[in-house]
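Today I opened a new structure and kept short notes as I went. Here is the entry, for anyone who wants to follow along.

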Amino acid sequence: ADGFFHIISCSFLVPVKRVDLIAKVVCEVARRNKGVKFRWTHIGGGDRRHVECALKAPPKNLVVNFAGHLNNSSVYDFYESNKGDLFLNLSESEGIPVSMMEACSVGLPIVATDVGGVSEIVTPDNGILVDANPAEGDVVKAIQFFIDANADLRQVFRASACDVWHTFFSSEVNYNRFLTELKKISLEMLEGAV
């Protein structure tokens, strides 16, 4: 709607998150797609000097925004008021990232490294997993897939992202599932005691 292909990343600015690699990749994507306007927003605090070094001469068709640290509700406010097209995470190490859960909840397809529990969130239906130590070109290729995708295909990926969140990460769904399991275990224990 705003004419930009908007890439969003969210993490602390620490080396393990490889935000400098994200910066290099986003710059390369913009260089290869001169006719497309790009916006990259990084949410997260920390020392951004190593990232800024990777952004020495960003292409003219790329707008970079460091949003800084945002609390959880502010992250959702950001998503609500800013159209995103893709969530990007190239971390060396993850558990099951809350930042990706948040991205899925608002229907953002994801390109991410296949580390830790990331494959529990990112599936072929809602994104692309790249190698744990990806070549820059492989990440560029994954992002290019979403740039080239037509509106219908993008919508399929967005809907799948929401489905993954709702099925596996929605607190409302999980709390009810957890309570049902507890009741089942309690009844089995009571029946066994009789």
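**Notebook: helices and cores**

I began with Leu153, which I found in helix α6 (residues 151-169). I took helices (H or I, at least four residues) and strands (E, at least two) as DSSP runs, numbered from the N terminus. The model is a predicted one, in which local features need pLDDT of at least 70 and side-chain atom pairs count only at pLDDT 80 or more, while totals for chains, interfaces and linings use all residues. Residues are numbered from 1 along each chain as its sequence is written, and side-chain values use heavy atoms, with hydrogens and water left out.

Next came Asn33, in the loop between α1 and β2. Asn33 is buried, as its relative accessible area is 11%. Leaving aside neighbours within four places in sequence, I found Asn33 in contact (heavy atoms within 4.5 Å) with Phe38, Asn61, Gln144 and Ile147.

Then I checked α1 itself. Its 14 residues should span 20 Å at 1.5 Å a residue, and the end C-alpha atoms are 20 Å apart, so the two agree; the expected span is 1.5 Å times one less than the number of residues. Among the buried residues of α1 are Val19, Leu21, Val25 and Val29. Their cover includes β1, β2, α2, β3 (62-68), β4 and α5.

Which residues have the most contacts inside the largest nonpolar core? They are Trp40, Leu88 and Ile143, in a core of 30 residues. Such a core is a set of buried Ala, Val, Leu, Ile, Met, Phe, Trp, Tyr and Cys residues joined through side-chain atoms within 4.5 Å. I saw that α1 gives the largest share of this core, nine residues. Beyond its neighbours within four places in sequence, Ile143 is in contact with Phe5, Ile7, Val25, Val29, Leu86, Leu88 and Val111. A second, separate core of 19 residues includes Phe87, Ala112, Val115 and Ile121.

Asn72, Val75, Tyr76 and Tyr79 in α3 meet Glu102, Ala103 and Ser105 in α4.

How values were computed: Buried < 20%, exposed > 50% of the residue type's maximum accessible area, 1.4 Å probe, protein only.
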